[in-house]
Amino acid sequence: MSDPITTATANDLSSSVDPDLIATFRDLATAHGPSVRDPESGLDLDLALWSRLEELGLARLTGAEADGGSGATWQESAALLTQLALAGVAAPVGEHDLLAGWLLRRCGVSADARLRTVAVLGAGATEDSDGPDHADHAERADRPDRIARAVPWARDAHSVACLWQERAGWRIADVPADRLRITPGLNLAGEPRDEVTADLASLGDLALPEILSEATLRELDLRAALLRAVQLAAALESCLSLTLDHVSTRVQFGRAISRFQAVQHTLAQVAAETALARAATDAAVRVATRRDAGTTGLDDLAFAVAVARSCAGHAASLVVRRAHQMHGAIGTTLEHPLHRATLAALAWRSEHGSTQHWDAQVAALASAAGGEGLWPLITR
Amino acid sequence: MATTGVGTTLIPDSTTLSGLRAEVRAFLDEAIATGRFVPGVDTWLGGYDPQLTAALAERGWLGMTIPVEYGGHGRTFMERFVVTEELLAAGAPVSAHWIADRQAAPSLLQYGTEAQKQRYLPRITRGELFWAIGMSEPDSGSDLASVRTRGERVEGGWRITGTKVWTSGAHHAHAFFALVRTAPLDPEHRHAGLSRFIVELDSPGVEIRPILSMDGSHHFNEVHLDDVFVADDLVVGAIGDGWAQVTSELSYERSGPERFLSTYRLLAALTERGLGGAETGAYVARLTALHHMSTAVAGGLQQHADVSSAAAVVKVLGTALEGDIADLADRLTEDDPGDGELQDLVRRAVYHRPGFTLRGGTNEVLLGVIARELGLR
């Protein structure tokens, strides 16, 4: 993606990622992409790609070098996620590295090479309608069956970092997948989002001694939300580039439709909204990088992620709608590549919090800052 | 610009910038607390307060990017950006010096003669010389190449006749750059034959007439130039080079944080009162993202990059947001002066809203700029 507006606004101050590394990511992603979605069964994990990522040390990009990781930061990881999303490659890099790897490292466990994801187990199988209320879970701590819904890539994971709440607090275990019941499910874009059922009674021997704080759970949630924001920003850039290509080559009334001012203005608005999503997301990635380096607090991360998800979520409304409008009927077909970008954008903006949720989070943080505290919050 | 050189080494580190931010913020907090000014909406255009301008100049916050040899402070665009953001977020009345500092100074530095720089830049930095914009005319809005103000060659200089309009602050300003046709319009080369002159507004033949805005406020003017003599030493750059100068100046006019912060005080007031819920949150998020984008634009200016399309994006999104904040506040409140402070902000925002997406290049024109950058035209 070489849109000059996006790059001019996003990269001037922010990008500290080596361009050669980005080129490596891009070459790898385009060589393996795009992933092909079956409308019924969704997307399959490309095992050849996964092996290649592992060989190159990219599957555990942010893992500590002592643990077999590459010692990189959120910045490099975001660059990799961006290139994968731009090439339409579905892979659980973020779940494996930024979520499961991070969580286990926090608990003093050095994650091995096995593919991992994270499942936050909620209420038991018979408590479907109760929703994710933590206090409620604590009361039911004795019930053995716990369920996590929409767990990304659980079917492909060799091991699942499972979290559940007991009266004492949040517990965690690194559970081999064969000790879990996994029911396949898909998100809007056909990515694996499976239901994971765990029998707590049988996990007792695996539970780590750590009791995790609510703050850790909050940080996990923010990291997951940011992971999706990074993918979403890239998906919007794909929508823009596909649409630019289309309007420049589609001829109607004897000329490329890009010659019409209405089309030009529509594309300009798509580009502007996409650039805004990119700017907000890049800013949040910078904060996440500082957070991992221990130089900023969780509240900073919370605001930056909420801003990114709000901006990117609203951008998706305009970009997806206009991209389809500009493509005409061809863009609505399975055959055409547009849905890989538009459905991914819509899927990702609705995972780990709706756009409305993130708007409300920004409002709550702004309100807590107060009228005089708002500007310091924005410019922090 | 002359002293900043090329490259990235002059981008100040974030500690320097946050220190400067804190310094400006403390000054403004104190000024508000002592009643020196009341924070408002759109005060960079309509809030005239030469005493505040003088106080800011005293602290070195005017002419920041002007080189020291011209009386300036030789600081960076990033530092200036931080100061301007703080002034806007405080809703401070800064219109007296805004145009001089924002666009006249960089234009003079880029195109002015040595004598012109020496004559004007030190006084701009001291907060003593105010500038206005002499581009639009009654029949030339978005289509600036159609200006009809004419310049005729005479002994020792030029005689200029025509009318400039929407000239904010002309009644306080000492000079403007007049965009003038000095050769007949060639339909094949519409941008040729334009030149710029420094017109000192106390010159014989200059008449400034107020144009009141719909709320009764006075910042717009019509400036009539009736055979005004401008000496050769006040020609800016080369005769015939006016178009390039104007487009360059517009990039300074368009790229700053006043393109998303004009209604910031109103957004803060909504937040403080817990009004608007998630919708207010979405606007806070957008404003924050625009702060990041605008920071990147300032960084680009620092590195002498072409920021015109990135600036157009900020302006298109930012000015729409300014208006959306006004509209949200208007939808959330009844027009009943129960909360005087909020009421004042809402009314002023609603009065001023139509101008946000017009001034400095309409959003329609800017979408065209973005489309061109996208390769569509």
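Colleague: How far apart do the C-alpha centres of domain 1 of chain B and domain 2 of chain B lie?

Modeller: Good place to start! Keep in mind that this is a predicted model. In it, the C-alpha centres of these two domains of chain B are 25 Å apart. The contact between them draws on 13 residues of domain 1 of chain B and 12 residues of domain 2 of chain B.

Colleague: And how is chain B divided into domains?

Modeller: Domain 1 of chain B covers 14-129, domain 2 covers 133-240 and domain 3 covers 255-373.

Colleague: Which helices supply the side of domain 1 of chain B that touches domain 2 of chain B?

Modeller: Helix 2 (43-46), helix 5 (95-111) and helix 6 (114-125) of chain B each give at least two residues to that side. Helix 5 of chain B has the largest share, with five residues. Sorted by class, this side of domain 1 of chain B holds seven nonpolar and six polar residues, and no charged ones.

Colleague: Let's turn to a helix. How do I read helix 12 of chain A, and what span does it reach?

Modeller: Start with the general idea. An α-helix has 3.6 residues a turn, so residues three or four places apart point the same way. Now the case here: helix 12 of chain A (residues 355-369) has 15 residues and reaches 21 Å from its first C-alpha to its last, close to the 21 Å expected.

Colleague: Is helix 12 of chain A mostly covered or mostly uncovered?

Modeller: Mostly covered: 11 of its 15 residues are buried. Among them are A:Trp358, A:Val362, A:Leu365 and A:Ala369.

Colleague: What do the buried residues of helix 12 of chain A pack against?

Modeller: Both chains take part. From chain A come helix 10 (298-327), helix 11 (338-349) and helix 13 (374-378), while chain B brings helix 8 (264-272) and helix 9 (277-302). Just after helix 12 of chain A, look for A:Gly370, which takes a positive phi of about 80 degrees.

Colleague: Now strands. Which way do the neighbours of strand 3 of chain A run, parallel or antiparallel?

Modeller: Follow one neighbour at a time. Strand 1 (residues 116-120) of chain A runs parallel to strand 3 of chain A, joined by five bridges. There, A:Val120 stands opposite A:Leu163 of strand 3. Strand 4 (residues 169-176) of chain A pairs with strand 3 in the antiparallel sense, over eight bridges. One of the pairs is A:Cys162 with A:Ala173 in strand 4.

Colleague: How many residues lie between strand 3 and strand 4 of chain A?

Modeller: Two, and the strands form a hairpin. Strand 3 (residues 159-166) of chain A is also mostly covered, with seven of its eight residues buried.

Technical notes:
Residues are numbered from 1 along each chain as its sequence is written. Chains are lettered from A and ligands numbered from 1 in the order in which they are written. This is a predicted model: local features need pLDDT of at least 70, side-chain atom pairs count only at pLDDT 80 or more; totals for chains, interfaces and linings use all residues. Helices (H or I, at least four residues) and strands (E, at least two) are DSSP runs, numbered from the N terminus. The expected span of a helix is 1.5 Å times one less than its number of residues. A residue is buried if 20 or more other C-beta atoms lie within 10 Å of its own, exposed if 12 or fewer, and partly exposed in between; C-beta atoms are placed from the backbone. Two residues are in contact if their C-beta atoms, placed from the backbone, lie within 7 Å. Domain bounds come from an automatic or database domain assignment. Ala, Val, Leu, Ile, Met, Phe, Trp, Tyr, Cys and Pro count as nonpolar, Asp, Glu, Lys and Arg as charged, and the others, Gly among them, as polar. Two strands pair if DSSP finds at least two bridges between them.
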